[in-house]
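Dear colleague,

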Amino acid sequence: MADGIASVQAARTAVPFNPVRTNQFGGEVQVLISTYTVPASVGPVIGESITWGTLPQGARLLPQTALFWSAGAASSTLNLGDRAAPARYLGATAVTTAGTAAAAAAYAAGALPEVTVLTPGVATDQSELRSVVAGANLQVGQVITLVAYYVAGN
């Protein structure tokens, strides 16, 4: 039976040497903590989004990232992604009763997406972390927090 060598070790032992990017090995983990409270006037309705913040070029969101929320309206859901792929990190998740959900959808199949297109406001932008409201409008006063861990580097 043969041993296997994964991508980082294969790159580090290649001849000639193949440098490993810092978003794969040796990079610093950063955190983005962003909270949204649904206003009494008008919060995002079905099909609208909450923008949490942006990631730098070359960043990889880590699977420890999670959404946290207080009790909300029946049938409300949120996802987590970017303009290019609205559910890249978390598919539609009910935010009706207080809870949390890990943003690890992209990792289930072994993907480790990184920000390669940084063009704010454009449909192909991968840097803007956002959640789209679906199912029902969010509950007035509901508090939703994103705790996003990422590693950046080229």
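E114 is buried, with a relative accessible area of 17%; buried means under 20%, exposed over 50% and partly exposed in between, with a 1.4 Å probe and protein chains only. The side chain of E114 forms a salt bridge with R60 at 2.9 Å, N to O (a side-chain nitrogen of Lys or Arg within 4 Å of a carboxyl oxygen of Asp or Glu). R60 lies in strand β3 and E114 in the loop between β7 and β8, so the pair ties together parts that are 54 residues apart in sequence. Strands are DSSP runs (E, at least two residues), numbered from the N terminus. R60 is likewise buried, at 7%.

This is a predicted model, in which local features need pLDDT of at least 70 and side-chain atom pairs count only at pLDDT 80 or more, while totals for chains, interfaces and linings use all residues. Residues are numbered from 1 along each chain as its sequence is written, and side-chain values use heavy atoms, without hydrogens and water.

The count comes to four salt bridges. In one of them, R88 meets D82 at 2.6 Å, N to O; R88 is partly exposed, at 22%, whereas D82 is buried, at 1%. Another joins E128 and R130 at 3.0 Å, N to O. Salt bridges that share partners link R83, E128 and R130 into one network.

Four strands form an open antiparallel sheet in the order β2-β8-β5-β6 (two strands pair if DSSP finds at least two bridges between them). β2 and β6 stand at the edges with a single partner strand each, so one side of each is left without a neighbour in the sheet.

Finally, I33 is in strand β1 and is exposed, at 60%.

Kind regards
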